[in-house]
Structures are given as C-alpha cells and as structure tokens.
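Open the model in a viewer and keep the selection panel at hand.

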Amino acid sequence: MKRSDIVGYILLFLGLIALQVIVLNNLDLGAYIKPQILVLFILLLPIDINKSYLLLLAFIAGLTVDFLMNTNGLNTSGMLLVAFIRGLWLPKENNPRPEFNVVPSLKIKLNGKWMSYILLLTTIFHFNYFVLEFFNFKYIFRIFTVTILSTIFCIFVQWIIFKLFLQAKNR
Amino acid sequence: MGRILTFIIAYRNTFLFIILQIFSLTAIFRFHFYQKAAFFNNANAVGASINKTQTTWRNYFYLQELNENLLMQNAALLANKQDTLHSQDTANWAEKINTSNFEIIPAHIIFNTTNRPSNTFVIDKGSNHNVMVGLGVATSGGIAGKVINVYPNYALCLSILNVNTPIVMPKILELENKSGTIEWGGSNPKMAKLKGIHKYEEIKAGNHVVSSGYSINFPENIPVGTIKTLSKPGGSMYDIEIELAAHLKTDYYAYVFRNKDKVILDSIIELNQIVP
C-alpha cells in the first residue's frame, strides 16, 4: 500500500463519519429510512490488507461512530461482521484483474461482481444493525422494511460518492 | 500444547472476530435489558463537546420554533393564576405542580434522536450539578425521559420514545386515581398509546394524561400528553392514542427533577426489597 493510499483512506474515513453524523443523521427521513454509510469504508479497504488489521480497523471505525451516535455497539457489530465475511467475494488468485473481479481500492472499475459485493454486504450490514436494534420478534416485518429502504438509500449515497471520488479513469 | 497453539494461530482471525463481536454484543444487550449504556456513548466530555458544537449550529435553524415555545411558556406563566389546573394549554405545567419536595435543575438537550426504537438524549448537567441516575427529565412541553448514565458534566437519558421501558406511570387528570401504562409504537415521535384503562371509565378525546404521584422521580401532574382518539375494541380495555406533550424533535430546554428524599427513599426500597 502506498503512502498516498493511506492518506486517501484516512480522508475517506473522516469524510464518511462527517457525512453520517452531520448530514444523514439530521436529514430526518423518518423511522423507516436510516442509512448507515460507514460500511463503505470496510468495503473499500485494500485487497491485500492483513485480515487481523482489517478486523481491528473495523472495530475502531465502528467504535468511533457508535461513540458519536450513542448506538451502543450496533455499528461495531455490523462492521466486524462485514469485515469478517467480505473475503468470500474477493478473488483468490494472485494478480486479479480489476476489470472482472472485486478488487477493493480507492479507484474502482465497476462491474457485475462489484455490484453484488456492495449490494449484498450493505444489506447484511443493515439487517444485522436493525435486528440488533429492535431485538424483538414482533417487529420482524418492520426490520425487513427498514432494512430494504435504508439499503436502497445507502446504495444511492454510495453511488454518488463513487461518481464523485472513486471512479477509475478510462485509459 | 503445540497443537493447540497451532490451532489458535491458524484461526487467529476467527478468534479475534469472536472476541471483538462479544465485546460489542455485550454493550448492545446491556443497553437493551438493563438500560445501561456501557462504553459507546457520547455523554462524556469529548463526545459531548462535539455534540454541543453541532447542536449550537443545528439550533440556529430552529431558532424561531424555540423562541415561540419559550414565548408560549412565558405567556402561560404570566396568565391568570386561577383555573390553571384544568387549562387547555399544557405549556404551563410549572404552575400546577407541587414542587416543594423537588429541586428543579435546568439543562439543555445537546444530543437527541427520535427515529430509533430506543431513543436517548444527552443533557449538559451531570453529577457536579446533583444529577443522579433514575431522575426524571421534562421539557417545557412535558415528560421527556429519565437519566440512565451520569458523568461529571453531562448525563445520558433514556427518552420516553422507547419501546422497552416505561418512563412514567400516567393517570388521566379528569378522573380520580386512574393510572395506566404508556406504550410507544416505535415510529411516530408525536404519538403513543395509553394501555390499561377500563371501558366503563368515562373519558373522551381531549382529556389530559399527566404523571401520577406514585413515582419518586416525577412530581404529580406533569403533562404526558392529551388523548387524541379512543376506540373500544373487543377486549375489556380502551384503545387510546395520545399525543405526546413533549416535542422531543425540537425541544432544547429541559428540567431535571431531583427528589430531595431520593437517597432515603431508594435505600428504603432497597432494604425492604420492594420492586418499584
């Protein structure tokens, strides 16, 4: 990982926290749309990162946003889960080609696998978040509704971020 | 021994994941079942100062509404002092309550949520100002929540907008000694349900729901809300929707009630194993 990448990831982390705390929490979209954008940070951490570091980074990132939002560990739990299972979507070979595989970095070439990677892991994160937040079987339909609506909104925000900052230039 | 070590090293990431996950789940369930916010909250000095800055900015956009609320409260306080008990306006609860046994600590709400199943807010008064765990908090509208965690200068409160824990035992002002329970539905921050009122009681829409005198953390007669709709379903109880008196989305000023005998009362309850 290059030094400029580290700076980029720190900026990404701070930017996402600012977006979550200052913008998304104050948007007042009601009780059914509650997007949690910080999961994008874990999804974009580089492919060759040590898995222990990945888990620790997820933990620290989750703690930070939980601390700012009074969510008592809901984000931490989801971030850890996503960090733990994101390897299932990543290519196993040594030199994966970014055109056809999921190669997380700060410059993305979007393809079908990327879409499913982002969509599924964002959904899993939100589902985990709302199951733990409600934690009662009588809210099961509400959990599904909130998960779906929040994921759609979150994907929309992620797409804007992608268009603004993360799109790889075509050579 | 060597084998165990090899095993642990081979699966070190799984173990790390499990340990960290247990840590976060502990925090979540401590909050769910014991109303204790462990380590993930911003009521301590660092987080609260961040929130304070943010709330100062945010309030700038609500200035008009805040001013209007204050104006209403002032007007109600200045208005004629008879006939306040059955007044239509809930903004003047300060007039009708018996506060002789309570110390009232004014505070500001500096962090607030209304769209979660269990909402919390942070006030800028803490143990340095005699705030203790369990004390009741009201805004200028009505009952807002109770303190669940105290720091030297800030306190974390559980809002009345939560689906797990009843904050206050309410009664209907127009009836003598009829208490029920408040249940919040989890989505609309303005409405809640009043349960446990029998069908033979004579109540109607517009009646006031206030705190009963059974709690040591709230004085009697602080507004909780007004009855908006009521219907008679199959069972023996009314189905009552109330409109909450506190506007937790925009309220900024809060009052903490500290019962002067709270320490003694708590020790009596604990000594005799009474479940409050």
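A cavity here is a set of grid points where a 1.4 Å probe fits but cannot get out, and its lining residues have an atom within 4 Å of a point. The model is predicted.

Searching the whole structure gives three cavities of 30 Å³ or more. For the largest, select A:Asn25, A:Asn26, B:Arg58, B:Asn112 and B:Thr113, which lie nearest its centre among 34 lining residues. The space inside is about 610 Å³. Next colour α1 (3-23) and α5 (112-134) of chain A, with α3 and β1 (102-112) of chain B; these elements each give two or more residues to the lining. The largest share, six residues, is from α3(B). The lining comprises 14 nonpolar, 13 polar and seven charged residues.

Move to the second largest cavity, of about 130 Å³. Select its lining residues, including A:Asn70, A:Leu132, A:Glu133, B:Phe31, B:Arg116 and B:Thr120. Here α2(B) gives the most, with three residues. Four lining residues are nonpolar, six polar and two charged.

Keep B:Arg116 and A:Glu133 selected: their side chains form a salt bridge, 4.0 Å from N to O. How many salt bridges does the rule find across the interface of chain B and chain A? It finds one.

Now show the whole contact, with 39 residues from chain B and 35 from chain A. The buried area is about 3,200 Å², 62% of it from carbon and sulfur atoms. Seven residue pairs are in polar contact between the chains. On the side of chain B that touches chain A, α2(B) gives the most, with 16 residues. That side divides into 19 nonpolar, 16 polar and four charged residues.

Key:
Residues numbered from 1 in each chain as written. Chains lettered and ligands numbered in written order. Predicted model: local features only at pLDDT ≥ 70, side-chain atom pairs only at ≥ 80, totals over all residues. Heavy atoms only, no water. Contact = heavy atoms within 4.5 Å. Buried area = accessible area lost by both parts, 1.4 Å probe. Polar contact = N/O pair within 3.5 Å; in protein donor to acceptor, adjacent residues only side chain to side chain. Helix = DSSP H or I, 4+ residues; strand = E, 2+ residues; numbered from the N terminus. Nonpolar A, V, L, I, M, F, W, Y, C, P; charged D, E, K, R; others polar. 1 Å grid on protein atoms, 1.4 Å probe; cavity = no way out; pocket = protein on both sides within 12 Å on 5 of 7 lines; lining within 4 Å. Points joined across faces, edges and corners; volume = space filled by probe spheres on them.
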